[in-house]
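Here's a quick tour of how this fold packs together. Have the viewer open as you read.

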Amino acid sequence: MHYSKGLLWVISGPMFAGKTSELIRLYDRTTYANQKSIIVKPMLDNRYSNTDVSTHDNRTRKSYVLLNIEELNEVVGLEKPDNVFIDEAQFFNSKVLNVIDDLRKESINVYVSVLNQTSEGHPFPFMDKKADVGTLLAKADYINTFTAICPICGKFATKTFKIEATGHEVDVGGSNKYEPRCFEHWEPKK
Ligand SMILES: [Zn+2]
């Protein structure tokens, strides 16, 4: 497949589907081609590392950790990248949609990983709740939907199940709080 510059490639799925691993694979692919690429992620997600993008199996790449998505403009001004990789985009506010549009107008390719749904089964809202990841998916040139494996039955899992109900729909955590589930074995609350 070949896309023009300014593409939007979205990696979507539940937790434990390998979204960040895929983001790293696509990042490495561009750096092998001597393209300038940067990875950014929201400050909120500090489960594994503050300055690296990490997968659950501890594969890491250097990243810019941003307090808010507007800081990306400054980083892009400094780095002048061909490609911007945004990890865990659902933890930015909905201005990320505008920032992505602006990057694309500058012929910068944008690769984004997002959680598809909250543990309540809703399209994942951005932090200001003014839009959700459905808008991002609708704008994408290309979408990879990844699945995990349901630990109950072994079928493909597209949903994220919250093991302990805390009452917060957006609650950052890892395998201690969440697991992937198929549609049959998922429910909003335990
Ligand atoms: Zn299942």
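## Strand E6 and its partners

In E7, Val112 is the bridge partner of Ile86. This is a predicted model, so treat the pairing as computed. E6 and E7 run parallel and are joined by four bridges. To get from E6 to E7 the chain goes through H3, and this β-α-β crossover is right-handed.

E6 also runs parallel to E2, again with four bridges. There, Ser37 sits opposite Asn83 of E6. As for side chains, Asn83 and Phe85 point one way from E6, Val84 and Ile86 point the other way, and all are buried.

## Helix H3

Which residues of H3 are buried? They are Val96, Leu97, Val99, Ile100, Leu103 and Arg104. Looking down the axis of H3, these buried residues fall within an arc of 165 degrees, so they line one face of the helix. Their cover includes E1, H2, E6, E7 and H4. Just after H3, Ser107 adopts a positive phi of about 65 degrees.

## The nonpolar cores

The largest nonpolar core has 32 residues, and Leu72, Ile86, Val112 and Leu136 touch the most other members. E1, E2, H2, E6, H3, E7 and H4 each supply at least two residues of this core, with H3 giving the most, at five.

Leaving aside neighbours within four places in sequence, Leu72 is in contact with Ile38, Val40, Leu66, Val84, Ile86, Val99 and Leu103. Apart from this core lies another one of nine residues, including Ile11, Leu26, Phe85 and Tyr111.

Conventions: Residues are numbered from 1 along each chain as its sequence is written. This is a predicted model: local features need pLDDT of at least 70, side-chain atom pairs count only at pLDDT 80 or more; totals for chains, interfaces and linings use all residues. Side-chain values use heavy atoms; hydrogens and water are left out. A nonpolar core is a set of buried Ala, Val, Leu, Ile, Met, Phe, Trp, Tyr and Cys residues joined through side-chain atoms within 4.5 Å. Buried means under 20% relative accessible area, exposed over 50%, partly exposed in between (1.4 Å probe, protein chains only). Contact means heavy atoms within 4.5 Å. The arc is that of the directions from the helix axis to the C-beta atoms. Two strands pair if DSSP finds at least two bridges between them. A crossover is right-handed if, with the strands pointing away from the viewer, the path from the first strand over the helix to the second runs clockwise.
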